[in-house]
Amino acid sequence: MSLLAAIGRVVLGFLAAIGRVALFAFETVSHLFRPPYYPREVAHALLQIGYFSLPVVGLTTIFTGGALALQIYAGGARFSAEAVVPQIVAIGMVRELGPVLVGLMIAARVTSSIAAEIATMKVTEQIDALVTLSTNPMKYLTLPRVLAATLVMPVLVAVGNIIGIMGGYLVGVNRLGFNAGTYLRNTIDFLEPSDIATSLAKGAVFGFLAALMGCYFGMRSGRGAQGVGRATKSAVVAASVLILAANFLLTELFFAA
Amino acid sequence: MIELRDVHKSFGPKQVLRGVDLTIERGKSMVIIGGSGTGKSVTLKCVLGLIEADTGLVTVDGQDVTRLRQGSSERDAFLARFGMLFQGGALFDSLSVWQNVAFRLLRGSLKKPKEEAREIAIEKLRRVGLTPDVADLFPAELSGGMQKRVGLARAIAAEPEIIFFDEPTTGLDPIMSGVINELIREIVVEMGATAMTITHDMTSVRAIADDVAMLHGGKIRWTGPVAEMDASGDPYVAQFISGSAEGPIETVR
Ligand SMILES: Nc1ncnc2c1ncn2[C@@H]1O[C@H](COP(=O)(O)OP(=O)(O)OP(=O)(O)O)[C@@H](O)[C@H]1O
Ligand SMILES: [Mg+2]
């Protein structure tokens, strides 16, 4: 009986958490249609989330693209390697690895910093101060970050895809001795516009989730340094898991015909 | 006029406010005294709606504060009448000092041109005894007492009708405390603002207060004009004023 009760409690707690996150997301989006707006905050967030994430995105994807090319070649595609390697690298990067890797890097870099910043603001009463200065923290802090992340993530994913494919290209041409022109032609021939569109759509969803989790856990932070630490950890874990789960659902939606 | 009627607030099992009744007349300066951790800051936050009271009524000019929905335009309008100095300063550390002070003047309904907002900010900084060269520093570059004064400048920048000061002189040297006490007095007398101040500093109490209320055990233990404070006949108030370890107030809480 007590076991059942315990399970029930966990399930109820989980459902309640989903409800709270959904409400938080709904409120965030609703501020998109209700002024006042804070364009300077959005610009600042675009810079922080987008521009300053470029090095991380580039480094992660270039190595992954390279490793992917090596792996496919080693994995028995030697017969028509010159056609198969670029195709699988392109498909793998654009459809799955690009969005997921960039999403996870953003969860590590952006979600954590958003959560820590907002949690610190909460703990030091800066959020309360915002309210007393007639400024809604959801409008001033949450919406700009979530909006910026949603807008800029497709761009980051596009950059990540290109650099990942370049990683495969560098390995293919320099290590495996492929012809450069053939490699590029095979890549371009095989990629459908719909692959690119879904890749960027995934990016937008992941960006939304990453920033939303940072804001949600930051705003709900407990007191003290411990509260900030816990908020940051929970935000990164939740963002990563949600990104991977959403990726599965979106792949199911787009590709499982 | 601010009225609190039978306000209760608990955090988990911990009862902080157990039926606070308090009235602050318009244009008067009320000072709340009371031991550390008795819920003075919580009381101020209940009036502002930053903390929701469990039960009880908080009204400002007859308007029920608890009815104002978070983020609604009525609540924004309500809060626009207030200024608040937080106990810890609560300065925005991503903004420079002058942008902190002029926060309200840089956005929203009170928006002014940037140059003008900056000038007002510098003028307010001068009033709290800070020179214009701190204007472009960031809060993290200031001492604790300086941060407190910037917080004070921010609270008064938009010339609110109702101002709450949570320990305005804690951490300041005696001379600066004197300057701040005078400033608060001035704001009440000249601008006709209603002020609610929390302080532990009895010199401050005498300098600032029209009325005094003592919070103890989650209730208002005593309230009355500052002139009657010394002859209150209440042993708790008497012990608090004299700062004696002997008396009804427990020293371990
Ligand atoms: N957000 C909160 N969550 C849990 N407990 C809280 C919270 N805010 C205040 N408390 C508790 O309420 C009590 C009163 O706090 P409050 O800050 O009002 O004290 P205070 O009278 O202002 O004391 P001091 O003079 O030291 O500032 C404290 O015991 C504190 O632990
Ligand atoms: Mg306090």
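**Entry 1. The contact between the chains**

I began with the place where the two chains meet: 22 residues of chain B are in contact with 15 residues of chain A. The model is a predicted one, and I read everything below with that in mind. I looked up the area buried between chain B and chain A and found about 1,600 Å². Carbon and sulfur atoms give 58% of that area.

Next I looked for charged pairs across the contact. Between chain B and chain A the count is one salt bridge. I noted its members as B:Lys45 and A:Glu125, with the closest N and O atoms 2.5 Å apart. Side chains of opposite charge can pair when their charged atoms come close. I also looked up polar contacts between chain B and chain A and got six residue pairs, both residues being at pLDDT 80 or more.

Which elements of chain B supply at least two residues each to the side that touches chain A? I wrote down α1 (40-48), α2 (73-79) and β6 (82-85) of chain B. The largest share comes from α2(B), with three residues. I then sorted this side of chain B by class, which gave twelve nonpolar, three polar and seven charged residues.

**Entry 2. Chain A**

I turned to chain A and listed its elements. Chain A has nine helices and zero strands, so I record its pattern along the sequence as α-α-α-α-α-α-α-α-α under the DSSP assignment of helices and strands. For its extent I took the C-alpha trace, which spans about 65 × 55 × 35 Å along the principal axes of chain A.

I checked the loop between α1 (2-30) and α2 (39-49) of chain A, where A:Pro36 lies. A cis peptide bond joins A:Pro35 and A:Pro36, with omega at about 5°.

I then counted salt bridges over all chains, and the structure holds 17. One I followed up is between the side chains of A:Arg145 and A:Glu117, at 3.2 Å from N to O. What does this pair tie together? A:Arg145 is in helix α6 (residues 137-175) of chain A and A:Glu117 is in helix α4 (residues 81-123) of chain A, so the bridge links parts that are 28 residues apart in sequence.

**Entry 3. The four-stranded sheet of chain B**

In chain B I found an open sheet of four strands in the order β2-β1-β4-β5, with antiparallel pairing. The edges are β2 and β5 (63-64) of chain B; each has a single partner strand, so one side of each is left without a neighbour in the sheet.

I went through the pairs. Strand β1 (residues 2-11) and strand β2 (residues 14-24) of chain B are antiparallel over eight bridges. B:Ile2 has B:Ile24 in β2(B) as its bridge partner. β1(B) and β2(B) make a hairpin with two residues between them. In that turn I noted B:Gly12, whose phi is positive at about 60°.

Strand β4 (residues 55-60) of chain B pairs with β5(B), antiparallel over two bridges. Here the partner of B:Val60 in β5(B) is B:Gln63. The loop between β4 and β5 of chain B holds B:Asp61. I marked B:Asp61 for its positive phi of about 50°, although it is not a glycine.

What lies across this sheet? I found α1(B) across β1, β2 and β4 of chain B, running at about 115° to β1(B). As noted in the first entry, α1 of chain B also supplies at least two residues to the side that touches chain A.

**Entry 4. The six-stranded sheet of chain B**

I also looked up an open sheet of six strands in chain B, ordered β6-β7-β8-β3-β9-β10 with mixed pairing. Its edge strands are β6 and β10 (219-225) of chain B, each pairing on one side only. The twist averages 15° from one strand to the next. β6 of chain B had already come up among the elements on the side that touches chain A.

I checked one pair in detail. Strand β9 (residues 211-216) of chain B and β10(B) are antiparallel over six bridges. B:Asp211 has B:Pro225 in β10(B) as its bridge partner.

Which strands does helix α8 (residues 235-242) of chain B lie across? I noted β3 (29-33), β9 and β10 of chain B, with the helix running at about 105° to β9(B).

Terms used:
Residues numbered from 1 in each chain as written. Chains lettered and ligands numbered in written order. Predicted model: local features only at pLDDT ≥ 70, side-chain atom pairs only at ≥ 80, totals over all residues. Heavy atoms only, no water. Contact = heavy atoms within 4.5 Å. Buried area = accessible area lost by both parts, 1.4 Å probe. Salt bridge = Lys/Arg side-chain N within 4 Å of Asp/Glu carboxyl O. Polar contact = N/O pair within 3.5 Å; in protein donor to acceptor, adjacent residues only side chain to side chain. Nonpolar A, V, L, I, M, F, W, Y, C, P; charged D, E, K, R; others polar. Pairing = 2+ DSSP bridges. Axes fitted to C-alpha atoms, helices over the stretch in contact; angles between N-to-C directions.
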